[in-house]
Amino acid sequence: MKKILFTIFMVVSSLSYAQQLKSPNGDFSMEFSLLKDGTPTYKLEYKKKTLIKESKLGFELKDDEKSLLKDFTVEDTEATSFDETWKPVWGEVAEIRNHYNELAVHLKQNETDRKMIVRFRLFDDGLGFRYEFPQQENLIYFVVKEERTQFAMTGDHTAFWIPGDYNTQEYDYVESKLSEIRGKMDKAITPNASQHPMGGTGVQTALMMKSTDGIYINLHEAALIDYPAMHLNLDDKNLIFESWLTPDARGDKGYLQAPFNTPWRTIIASDDARDILASKMTLNLNEPNKIEDTSWIKPVKYIGVWWEMITGKSTWFYTNDFPSVKLGETDFENATPNGTHAANTKHVKEYIDFAAKHGFDAVLVEGWNVGWEDWFGKSKDYVFDFVTPYPDFDVEEIHNYAKSKGIKMMMHHETSGSVRNYERHLEDAYQFMNDHGYTSVKSGYVGDIIPRGEFHYGQWMVNHYQYALEKAAEHKIMVNAHEAVRPTGIRRTYPNLIGNESARGTEYQAFGGNKANHVTVLPFTRLIGGPMDYTPGIFEMDVSKLNPDNNSHVNATIANQLALYVTMYSPLQMAADLPEHYNQFLDAFQFIKDVAVDWEDSKYLEAEPGDYVTVARKAKNTGNWFVGNANGLEKRTSKISLDFLDAGKKYEATIYADAKDAHYKTNPQAYIITKKTVTSKSKLKLTSAPGGGYAISIIEK
Ligand code: NOJ
Ligand code: CA
């Protein structure tokens, strides 16, 4: 009966089977078909135009002549609809509608009698599909040599891409035609192109594209669990992307055991760029929340003993004796302090004072625990145990002090890539946090993964991040993992994943600088999978003022830095600069103090990848609104209407804008603050500098 809902036609020359599915609003329609040789394929239309041309589906298996690529017949199909509204624990909006039409195609490989289901979910904002391997006799354990999922493009789109890489996403984005990726790859990959593991046309997801007829297309994945992260490799003659999974240390891609479901492959598309930013498809394709009591999961605004080490003003390690001491046996009581160790009790208390004075929730302290000297000494053996503080960091005293001021301390676990070591210590490390009142941890995975040389985005590491996250939930700990695999919406299932880095963050502003329009690309790429701990809020752009040996320049204006608290959605927001710099600009700092970190509603006012992003968000509980505009490389006038405000109410708007002559490079600290009364009928016209922007707080009168 179900089948009658859909057009089935056994026909035309090249196909042996075809079935169609439409999105609830009818904008998208897809067709699943089997080629004559039994190869499964799909294609996708948006507003009656082809979006994805006929693209093949399947797997190449290791040590197996009969891969899961062809010779399939359709045994059965199921078509269903789903419509439900759910409430995230925290987020951009208070309620999310999960509405799709689904088609599950049950395939059987004729010769081997093996079964595979392809499940398609067509939403009003795009398509998600995954492979499912039901429990069966002829396919129990298997090793994936490669997933062969294609995404055939209709033309030479403009793409915002970073090079395929198994270990880092910390790149500036390149904007180019698809056909230009190969030519630009070497430069994109600096410093060492020969290390590129994927050949000349491999890129990472989330990949953002725009067609010549103005359609925005985003390719990514959702619910990456027990499987390697997917990259995309472009056949640049035919403009067909194909999945390219991250291998393990041996070169295998995935070890699977049926029953098993792969992550979802996602195609989000619209003729309006703002819809890409508003899409909730990635979240909707993840399982509902598995944490029963979520009362301990709370958005966090924090400062940290951090930027001073990143810029080289001070050090993570306590002593410079590290090359001379025996591995793991530094005698700290007798080692000579280097005088630049930032994580000392007195200095940490200054940060706590500043946090308390300005209403922050937490203070992060990096470099508090022994092991940094081993790491910087490159021993890579003993490294960290995550429970032993340096002699000048008094855990108890700091905690009592923080508690008395209403501040939470944020833990830091740099694993140094020694992941087995971390797993061995994890239970004790989390217990130490529980014992000392830490409620959140920033973890990090810098360097090659020890011991076997796994890659950061392979199945083994994906399983590690998940293990660390689930174990943290048992200890009621919130996690913000840096250098981990880019998120895929898992925060719906485990809302204690409050942040990730997994892209080029603000730290690179102190390592040479980021492109000034980087923050107008990230919302379309990295943020599709989940929030980023971007660590904005730098007010002193001349890094040499902190460290004369570092001549990096922060490529942003102060107004731009303020805007990021709204445009770069995250329940975890850092004010990353030093208290002394905020003290110089307390009027601008007021926005960081006022801005919310959890939202009732979000409106995407203006958006164009690489050029600008303007967002308005309504704070949970207070009903106050905050607006941010992050601008790209050209000076631009932004025109917005405040029609999202409640009709009939009066609000006071405080506008933090670039001054007329502001510029990210030459005049980044020039801003003007104005106040005016606004209503839902108000319209604003504001000019943003290159690398600039504006931020507005709108408080009901
Ligand atoms: C890299 C992280 O991104 C950065 O935030 C951290 O300070 C360093 N690793 C040290 O752990
Ligand atoms: Ca990093």
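Helices (H or I, at least four residues) and strands (E, at least two) are DSSP runs, numbered from the N terminus. With that in hand, welcome to a predicted model, in which local features need pLDDT of at least 70, side-chain atom pairs count only at pLDDT 80 or more, and totals for chains, interfaces and linings use all residues; side-chain values use heavy atoms, with hydrogens and water left out. Residues are numbered from 1 along each chain as its sequence is written, while chains are lettered from A and ligands numbered from 1 in the order in which they are written.

- Glu170, in the loop between strand E12 (158-161) and strand E13 (174-177), and Glu501, in the loop between strand E27 (497-500) and helix H10 (518-521), link distant parts of the chain, 331 residues apart.

**The largest pocket**

- The largest pocket has a volume of about 670 Å³. Its lining has 28 residues, and the closest to its centre are Trp375, Glu414, Val446, Gly447 and Glu483.
- On a 1 Å grid over the protein atoms alone, a pocket is an open set of points with protein on both sides within 12 Å along at least five of seven lines, a cavity is a set where a 1.4 Å probe fits but cannot get out, and lining residues have an atom within 4 Å of a point. Grid points are joined across faces, edges and corners, and a volume is the space filled by probe spheres set on the points.
- Helix H6 (372-376), strand E24 (408-414) and strand E25 (440-444) each supply at least two residues of this pocket's lining.
- The pocket lining divides into ten nonpolar, eight polar and ten charged residues (Ala, Val, Leu, Ile, Met, Phe, Trp, Tyr, Cys and Pro count as nonpolar, Asp, Glu, Lys and Arg as charged, and the others, Gly among them, as polar).
- Domain 1 (4-284) and domain 2 (300-595) each give at least three residues to the pocket lining; the domain bounds come from an automatic or database domain assignment.

**The cavities**

- The structure holds five cavities of 30 Å³ or more.
- The largest cavity has a volume of about 280 Å³. Among its 21 lining residues, Glu92, Leu277, Ser279, Leu527 and Ile528 lie nearest its centre.
- Domain 1 (4-284) and domain 2 (300-595) both give residues to the lining of the largest cavity, so this cavity lies between them.
- By class, eleven nonpolar, six polar and four charged residues line the largest cavity.
- The second largest cavity has a volume of about 220 Å³. Of the 20 residues in its lining, Tyr465, Gln466, Leu469, Val485 and Leu497 lie nearest its centre.
- Helix H8 (419-436), helix H9 (459-474), strand E26 (478-482) and E27 give two or more residues each to the lining of the second largest cavity. H9 gives the largest share, five residues.
- The lining of the second largest cavity has 15 nonpolar residues, four polar and one charged.

**Backbone details**

- Most residues other than glycine have a negative phi, and most peptide bonds are trans.
- The peptide bond from Ala258 to Pro259 is cis, with omega near 5°, and Pro259 lies in the loop between strand E19 (254-257) and strand E20 (260-261).
- Ile450 and Pro451 are also joined by a cis peptide bond, with omega about 5°.
- Leu239 is not a glycine, yet has a positive phi of about 55°. Leu239 sits in the loop between strand E17 (230-235) and strand E18 (240-245), and is buried, with a relative accessible area of 13%.
- Lys47 has a positive phi near 45° and counts as partly exposed, at 41% relative accessibility.

Technical notes:
Buried means under 20% relative accessible area, exposed over 50%, partly exposed in between (1.4 Å probe, protein chains only).
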